[in-house]
Amino acid sequence: MSSTKTSARWGQRAVKLLLRFAVASSLLSAVADRLGLYPRAMSVWGDMQTFSDYTHSLMPWLPKPDLLLPVAVWGSTVCELLFGLALLLGLRLRLFALLTGSLILIFALAMATSVGSKVVFDYSALNAAGAAFVIAYMGKGWLELDSHS
């Protein structure tokens, strides 16, 4: 194989690994924040109740005492935890990258329709979704635990 092709392959693998780490760490950091694992001074939410209030602000049509709000809060938290771990470990990358990109686009849509489009850009939601979708369609990379990418 020529040195140009080898160089390109190494570059693609390095970029894919960096994107996986970037998207996964963002998801896992958000989960850690809402579970109170960061000091209060470093937290955006700091606990599940504050995150639940924020989620309600993004989906005000969900009645607060209703079952749907806790399902949305805990469902998104579980998805972010599972998707983040899968991306970090390289498990079923195509599937979990597509699910991650879709989840982040749902977040972006909720933000845009409830608090305005500026917050979508402030939180780099479209960048994160785009990165997740790129991961889904890149070739084999480094440190992937399965071959189902």
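The model is predicted. The protein chain contains 6 helices and 0 strands, and its elements run α-α-α-α-α-α from the N terminus on. Its C-alpha trace spans about 60 × 30 × 30 Å along the principal axes.

**Overall layout**

- The protein chain has 149 residues, of which 37% count as buried.
- Among contacts between residues at least 6 apart in sequence, 64% join residues at least 24 apart.

**Helices H3 and H4**

- Helix H3 covers residues 68-89 and helix H4 covers residues 93-114.
- These two helices pack at an angle of about 140°, with 9 Å between their axes.
- The crossing of H3 and H4 is left-handed.
- On the H3 side, the contact is made by Ser-76, Cys-79, Glu-80, Phe-83, Ala-86 and Leu-87.
- On the H4 side, the contact is made by Leu-93, Phe-96, Ala-97, Leu-99, Thr-100, Leu-103 and Phe-107.
- By type, the residues of this contact divide into 10 nonpolar, 2 polar and 1 charged.
- Leu-93, a residue of helix H4, has a relative accessible area of 0%, so Leu-93 is buried.

**Nonpolar cores**

- The largest nonpolar core has 17 residues.
- The residues with the most contacts inside this core are Phe-51, Leu-58, Val-73, Met-111, Val-120 and Ala-125.
- At least two residues of this core come from each of helix H2 (48-58), H3, H4, helix H5 (117-122) and helix H6 (125-137).
- H4 supplies the largest share of this core, 4 residues.
- Another core, of 13 residues, lies apart from the largest one. Its members include Ala-24, Phe-83, Phe-96 and Ile-135.
- Two of these members, Phe-83 of H3 and Phe-96 of H4, also take part in the contact between those helices.
- Leaving out residues up to four places away in sequence, Phe-51 touches Arg-34, Trp-45, Val-73, Ser-76 and Thr-77.

**Salt bridges**

- The structure holds 5 salt bridges.
- Arg-34 and Glu-80 form a salt bridge through their side chains, at 2.9 Å from N to O.
- This pair links distant parts of the chain, since Arg-34 is in helix H1 (residues 3-34) and Glu-80 is in helix H3, 46 residues apart.
- Arg-34 has 2% relative accessibility, so Arg-34 counts as buried.
- Glu-80 is also buried, because its relative accessible area is 5% and the cut-off for buried is under 20%.
- Arg-40 and Asp-47 form a salt bridge, with the closest N and O atoms 3.1 Å apart.
- Arg-40 counts as exposed because its relative accessibility is 55%, whereas Asp-47 is partly exposed at 25%.
- Lys-118 and Asp-122 meet in a salt bridge through their side chains, at 2.7 Å from N to O.
- Lys-118 and Asp-122 are 4 residues apart in helix H5, so about one helical turn separates them.
- Lys-118 has a relative accessible area of 56%, which means that Lys-118 is exposed.
- Lys-16, Lys-140 and Glu-144 are linked in a network of salt bridges.

**Positive phi angles**

- Most residues other than glycine have a negative phi.
- Arg-92 has a phi near 45°, which is a positive value in a residue other than glycine.
- Arg-92 sits in the loop between H3 and H4, and with 38% relative accessibility Arg-92 counts as partly exposed.
- Leu-143 also has a positive phi, near 55°, and is a residue other than glycine.
- Leu-143 lies in the segment after H6, and its 65% relative accessibility means that Leu-143 counts as exposed.

Note on methods
Residues numbered from 1 in each chain as written. Predicted model: local features only at pLDDT ≥ 70, side-chain atom pairs only at ≥ 80, totals over all residues. Heavy atoms only, no water. Axes fitted to C-alpha atoms, helices over the stretch in contact; angles between N-to-C directions. Left-handed = near helix turned anticlockwise from the far one by under 90°. Contact = heavy atoms within 4.5 Å. Nonpolar A, V, L, I, M, F, W, Y, C, P; charged D, E, K, R; others polar. Buried < 20%, exposed > 50% of the residue type's maximum accessible area, 1.4 Å probe, protein only. Core = buried A, V, L, I, M, F, W, Y, C linked by side-chain atoms within 4.5 Å. Salt bridge = Lys/Arg side-chain N within 4 Å of Asp/Glu carboxyl O.
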